[in-house]
Amino acid sequence: GGLSYGFYDKSCPQVEDIVRTGLQIISLTDPTSPAALLRLMFHDCQVQGCDASILVDAAGKKNLPLEMTSTKNFGIRKRETISYIKSMVEAVCPEQVSCTDILILAAREAVAMSGGPWINVPLGRRDSSSTPSYKLADASLPSANIGVDGMLRIFAKKGMTVKESVAIMGAHTVGITHCFNLLNRLYRREGGEARGIEPGFELFLKLSCPQESLTTNSSFVLNDSTTLAFDNNYYINAMEGHGVLRIDAEMSSDPRTAQILAHFAVDQDDFFRTFSSAFVKLSSSGVLTGNQGVIRRRCNAIDESS
Ligand code: HEM
Ligand SMILES: [Ca+2]
Ligand SMILES: [Ca+2]
């Protein structure tokens, strides 16, 4: 509701091209940027809706602990690239395009640029004029050790089918996981034996993330074996017991998700189609439109006057 295709046709027809160019420049300097931007979109939309709240830096007299200080946002990277693209957009169409739409378009380009589907997204989102505290982020973002139940609940709230929920998890076909997020999975197993992990792969994860490394925060493993390519390898890996996170692994044995996983592992086209409809649902959740919210001039700051 409130979003439309071609929203900027009159006010900023160049915006989609500018975002694409910006992302090409950003990925040349760091080819892992597309993955970071895709996760950034999810973490923004999950907390107070898609409203660029995650981009705001604490500043001035309102130096509050904002959502970025939540440990659930550990590993979030590349927030500043949205401000960079925003400045490119402002130079051509000042005060027309929201930071939120730029973030969604950047995530869309991130998928396409990595070899995934090109997703047609409706636009017209506005930016929040308030930012939640870290407490809302703590409560709204999934824990790194979530299982199938919790995952399905999160995406059902966004109107996704089970198939779409499995498809949106395919975002883990790109990017990395820091060892910090594997602590519970590898060394503090409260629920007993891990499901869906092949012993050789578990050994590999433990060697990549020795217990001592978990406090240093910088070591990581790849989310799938083709970490820069948006493909269906994530599902093939998960079927073989090579899922990195608990959710990546457990979907292969849960009766609600196993067959969908097996299907995406052999049908990349259907994965792409289903991912696209799931992406539109995720990126349209809890949005501000019309006269709600603002169009920020700078993505990382909320003007005291507005
Ligand atoms: C229940 C759902 C999910 C859980 C529990 C989860 C958990 C995680 C965790 C723990 C990481 C590792 C972060 C790090 O250590 O730096 C990660 C990475 C990532 N996630 Fe998810 N995720 C979920 C859903 C999603 C969704 C819906 C998307 C996007 C549509 C997404 C995209 C990504 C991407 C692209 C990365 C790699 C980020 C990078 O390379 O910096 N995830 N996820
Ligand atoms: Ca948000
Ligand atoms: Ca991949």
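Contacts between residues 24 or more positions apart make up 80% of the chain's contacts with a separation of 6 or more, a contact being a pair of C-beta atoms, placed from the backbone, within 7 Å. The model is predicted, with local features requiring pLDDT of at least 70 and side-chain atom pairs pLDDT 80 or more, while totals for chains, interfaces and linings use all residues. Residues are numbered from 1 along each chain as its sequence is written, and chains are lettered from A and ligands numbered from 1 in the order in which they are written.

The chain contains 13 helices and two strands, taken as DSSP runs (H or I, at least four residues, for helices; E, at least two, for strands) numbered from the N terminus. Its radius of gyration is 19 Å, close to the 19 Å that the globule rule gives for 306 residues, so the chain is as compact as a globular protein of that length; the radius is taken over C-alpha atoms, and the rule is 2.2 Å times the number of residues to the power 0.38.

Ligand 1 is surrounded by 26 residues, the closest being Arg 39, Gly 75, Ala 171, Gly 175 and His 178 (C-beta atom, placed from the backbone, within 6 Å of the ligand). Two or more residues each come from helices H2 (33-46), H6 (148-156) and H7 (162-169) and from strand S1 (176-178), with H2 giving the largest share, five residues. Because domain 1 (15-142) and domain 2 (148-279) both contribute to this shell, ligand 1 lies between them; the domain bounds come from an automatic or database domain assignment.

How values were computed. Two residues are in contact if their C-beta atoms, placed from the backbone, lie within 7 Å.
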